[in-house]
Amino acid sequence: MRSVAEHADYIGALRAAADQAGVDLVINARTDAFLQKTQVFDDPLAEAIVRLEACEAAGARCVYPVRVPDADALRTLLAELAGPST
């Protein structure tokens, strides 16, 4: 799993290239913070939020937290993340 900064830099470079080329590109950023296969986080929900907020700030228009564990976690993600503006 990439670091938060590395993932955001990657998304940001994609956004910049698409914008410069005049391409209306929807970038979908995902996080596997809940899977805990390659890394185990003390608070996977907080980690997912940090990672997906960074991706949104870098230009992702869609974020995908893989395997959200329950409805409460989903409500928290929806409250914390920007999501589509329209």
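This dialogue walks through one predicted model, feature by feature.

Student: What should I know before reading any values?

Tutor: This is a predicted model, in which local features need pLDDT of at least 70 and side-chain atom pairs count only at pLDDT 80 or more, while totals for chains, interfaces and linings use all residues. Residues are numbered from 1 along each chain as its sequence is written, and side-chain values use heavy atoms, with hydrogens and water left out.

Student: How many helices and strands does the chain have?

Tutor: Helices (H or I, at least four residues) and strands (E, at least two) are DSSP runs, numbered from the N terminus. Here the chain has 3 helices and 2 strands. Their order from the N terminus is α-β-α-β-α.

Student: What does the radius of gyration say about the chain?

Tutor: The radius is taken over C-alpha atoms, and the globule rule is 2.2 Å times the number of residues to the power 0.38. The chain has a radius of gyration of 13 Å, close to the 12 Å that the rule gives for 86 residues, so it is as compact as a globular protein of that length. The C-alpha trace spans about 40 × 30 × 15 Å along its principal axes.

Student: What share of the contacts links residues 24 or more positions apart?

Tutor: Contact means heavy atoms within 4.5 Å. Of the contacts with a separation of 6 or more, 67% join residues 24 or more positions apart.

Student: What percentage of the residues is buried?

Tutor: Buried means under 20% relative accessible area, exposed over 50%, and partly exposed in between (1.4 Å probe, protein chains only). Buried residues make up 33% of the 86 in the chain. Ala57, in helix H2, counts as exposed because its relative accessibility is 72%.

Student: How many disulfides are there?

Tutor: A disulfide is a covalent bond between the sulfur atoms of two cysteines. The test is a pair of cysteine sulfur atoms within 2.5 Å. This structure holds 0 disulfides. Cys55 is in none; its nearest cysteine sulfur, that of Cys62, is 11 Å away. Cys55 is buried, at 1% relative accessible area. Cys62 is partly exposed, at 34%.

Student: Which residue lies over the face of Tyr10?

Tutor: A charge sits over a ring if NZ of Lys or CZ of Arg is within 6 Å of the ring centre and within 35 degrees of the ring normal. Arg2 lies over the face of Tyr10, 4.3 Å from the ring centre. Tyr10 belongs to helix H1 (residues 4-21). At 42% relative accessibility, Tyr10 is partly exposed.

Student: Which residues other than glycine have a positive phi?

Tutor: Most residues other than glycine have a negative phi. Gln36 has a positive phi, near 55 degrees. Gln36 sits in the loop between strand E1 (28-31) and helix H2 (44-58). With 31% relative accessibility, Gln36 is partly exposed. Arg67 also has a positive phi, about 60 degrees. Arg67 lies in the loop between strand E2 (62-65) and helix H3 (71-80). Arg67 is exposed, at 59% relative accessible area.
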